[in-house]
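This briefing is intended for a reader who is meeting the structure for the first time. Please keep the sequence and the model in view while reading.

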Amino acid sequence: MQLMDSSHSNPMSLCSQADSQRTLYPYVTGTSVIGVKYKDGILMAADMGGSYGSTLRYKSVERMKPIGKHSLLGASGEISDFQEILHYLDELILYDNMWDDGNSLGPKEVHSYLTRVMYNRRNKFNPLWNSLVLGGVKNGQKYLGTVSMIGVHFEDNHVATGFGNHLARPILRDEWHEDLSFEDGVKLLEKCMRVLLYRDRSAVNKLQIAKITEEGVTISQPYSLKTFWGFSAFQNPTVGAEGSW
Amino acid sequence: MGTTIIGVTYNGGVVLGADSRTSTGMYVANRASDKITQLTDNVYICRSGSAADSQIVSDYVRYFLHQHTIQLGQPATVKVAANLVRLVSYNNKNMLETGLIVGGWDKYEGGKIYAIPLGGTIIEQPFAIGGSGSTYLYGFFDQAWKEGMTKDEAEQLVVKAVSLAIARDGASGGVIRTVIINSEGVTRNFYPGDSLPLWHEELPPQNSLLELLHSSSPEPMNV
């Protein structure tokens with residue numbers, strides 16, 4: 001990427017990069033992404049919200065994208081940084097294709113590349129403000145990994161970002177098992193997404209579920225989940241304790 | 001406690017409305033809270049801001065109003081209730097962080113709404129909005145508010161407004177609770193999250209993606 005001195009690195013930057021550019025805080029953000037391994041590959045779910053602070057500003061943001069032939073990337077955090085990462089990955093895949101050698105980067109390689117990018121940016125105090133979930137299948141091998149904005153990375157049978165770590169993973173630890181069918185995988189992810197919808201302030205009721213198998217990537221149409229409010233305790237919660245919640 | 005609270009007068013009484021989300025940071029601590037609290041039989045208060053502060057203010061005012069009612073020998077007026085709220089909010093302005101809307105019905109003045117924002121100002125208004133979600137409703141009410149609505153029109157306006165705020169404010173959500181107060185008494189209503197109208201970019205809810213896929217789907221999956 002950029003190897004020249006900091007004042008010339010980016011012609012679009014209006015001042016010397018040495019003295020100003022540091023990501024301090026995110027502006028437009030996406031919330032949790034959840035990924036699980038299943039029988040034929042990886043299933044991933046993310047809602048389509050782009051929050052602007054506490055405002056639910058954008059409701060049709062696609063936070064999962066296919067990468068090359070074998071990978072699927074989901075991102076939470078700053079959307080502009082995610083778009084920048086997609087740009088880097090476009091370049092990576094282009095160079096890979098240009099070798100024209102019949103080989104192609106698999107999910108493990110893409111994950112490794114992303115880890116290096118995220119960690120090196122963190123070391124320069126200018127992080128890409130994202131938590132990423134990278135899943136894929138190559139030559140029958142399923143791969144599911146995650147990278148955070150500070151470069152923490154690992155792979156597992158089920159991963160999640162943000163609130164998903166606290167609300168979805170306990171459900172997955174209990175109910176995930178090897179060789180889930182597509183139907184069971186979807187139901188499990190929907191169960192997690194519903195809890196997130198109830199309990200995460202930045203969640204939005206419009207989501208997509210993506211699957212990646214040896215055959216390729218499919219990202220579902222956007223859809224919404226039904227929610228349940230029929231507990232009798234919800235009707236008159238403060239009867240007998242006026243002033244409480 | 002980011003919130004959306006609304007109070008609206010109509011010919012005959014008032015309609016109070018609120019969402020039901022209480023959050024600690026980004027976590028929704030209670031998705032079905034009741035933010036419309038009783039002060040007397042005929043006066044209720046909508047609470048926003050710090051949950052603790054709004055609860056303690058309404059507890060104090062309920063206590064004072066109870067004693068006042070005994071001494072007066074008849075139901076307290078909405079104006080008295082609102083001014084008691086103002087006194088507590090104003091005299092403790094450095095410590096409190098709560099915005100309140102007092103609404104009720106009494107035989108002298110009929111239905112009345114009083115807004116008491118941060119600082120302890122009191123403003124009598126035909127309608128009032130408050131909480132973090134209210135920022136999304138100023139334009140809506142400028143256009144949709146009309147004098148002399150019926151009870152049903154007023155309640156529908158309140159439900160529509162809270163629903164619009166919930167669509168855009170992350171700190172508001174859950175169910176919509178309304179309280180209607182008039183000469184006949186008090187009615188509480190409950191509108192669960194999935195019964196509310198859909199707004200821009202929102203989709204009708206489904207049981208599962210699997211049902212969408214197995215039905216003769218006009219929109220095939222796409223890469």
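The points below are grouped by topic, after a short note on conventions.

This is a predicted model, in which local features need pLDDT of at least 70 and side-chain atom pairs count only at pLDDT 80 or more, while totals for chains, interfaces and linings use all residues. Residues are numbered from 1 along each chain as its sequence is written, chains are lettered from A and ligands numbered from 1 in the order in which they are written, and side-chain values use heavy atoms, with hydrogens and water left out.

**Confidence and overall form**

- The model scores ipTM 0.77 and pTM 0.85.
- Where pLDDT is low, the predicted coordinates should not be read in detail.
- Chain A contains six helices and 14 strands; helices (H or I, at least four residues) and strands (E, at least two) are DSSP runs, numbered from the N terminus.
- Along the principal axes, the C-alpha atoms of chain A fill a box of roughly 70 × 45 × 30 Å.
- Of the 245 residues in chain A, 51% are buried; buried means under 20% relative accessible area, exposed over 50% and partly exposed in between, with a 1.4 Å probe and protein chains only.
- Contacts (heavy atoms within 4.5 Å) in chain A between residues at least 6 apart in sequence join residues at least 24 apart in 62% of cases.

- Strand 9 (residues 141–147) of chain A is largely enclosed by the rest of the structure, because five of its seven residues are buried.
- Strand 8 (residues 130–138) of chain A runs antiparallel to strand 9 of chain A, and seven bridges join them; two strands pair if DSSP finds at least two bridges between them.
- These two strands form a hairpin with two residues between them, and A:Asn139 in the turn has a positive phi of about 50°.
- Strand 9 of chain A is also joined to strand 10 (residues 153–155) of chain A, by three bridges in an antiparallel arrangement.
- Five residues lie between the strands in the hairpin of strand 9 and strand 10 of chain A, where A:Gly151 takes a positive phi near 95°.
- A:Gly145 in strand 9 of chain A stands opposite A:Leu134, and the bridge partner of A:Gly145 in strand 10 of chain A is A:Glu155.

**A:Ile212**

- A:Ile212 lies in strand 12 (residues 207–213) of chain A.
- Is A:Ile212 buried or exposed? A:Ile212 has a relative accessible area of 0%, so it is buried.
- Not counting residues up to four places away in sequence, A:Ile212 touches several residues, including A:Asp40, A:His70, A:Gly135 and A:Val217.
- The C-alpha atoms of A:Ile212 and A:Phe125 are 34 Å apart in space, and the two residues are 87 residues apart in sequence.

**The sheet and helices of chain B**

- An open sheet of five strands in chain B has the order 5-6-7-8-9, with antiparallel pairing.
- Strand 5 (36–38) and strand 9 (123–125) of chain B are the edge strands, each pairing on one side only.
- Neighbouring strands of this sheet are turned by 25° against each other on average, direction ignored.
- Strand 6 (residues 43–49) and strand 7 (residues 98–106) of chain B are joined by seven bridges and run antiparallel; B:Val43 stands opposite B:Gly104 in strand 7 of chain B.
- Helix 1 (residues 51–72) of chain B lies across strand 5, strand 6 and strand 7 of chain B, at about 160° to strand 6 of chain B; axes are lines fitted to C-alpha atoms, for helices over the stretch in contact, and angles run from 0 to 180 degrees between N-to-C directions.
- Helix 2 (residues 78–91) of chain B lies across strand 6, strand 7 and strand 8 (110–116) of chain B, at about 165° to strand 7 of chain B.

**Aromatic rings and charges**

- The structure holds 12 aromatic pairs over all chains; rings of Phe, Tyr and Trp (its six-membered ring) pair if their centres lie within 6.5 Å, and planes under 30 degrees apart count as stacked, over 60 as edge-to-face and the rest as tilted.
- B:Tyr63 and B:Phe64 form a tilted pair, 5.6 Å centre to centre with 45° between the planes.
- B:Phe140 and B:Phe141 form an edge-to-face pair, 5.6 Å centre to centre with 85° between the planes, and both residues are buried.
- One aromatic cluster is formed by A:Tyr198, A:Phe228, A:Trp229, A:Phe231 and A:Phe234.
- The charged end of B:Arg31 sits over the ring of A:Tyr198, 3.6 Å from its centre; a charge sits over a ring if NZ of Lys or CZ of Arg is within 6 Å of the ring centre and within 35 degrees of the ring normal.
- The charged end of A:Arg57 sits over the ring of A:Tyr52, 4.7 Å from its centre.
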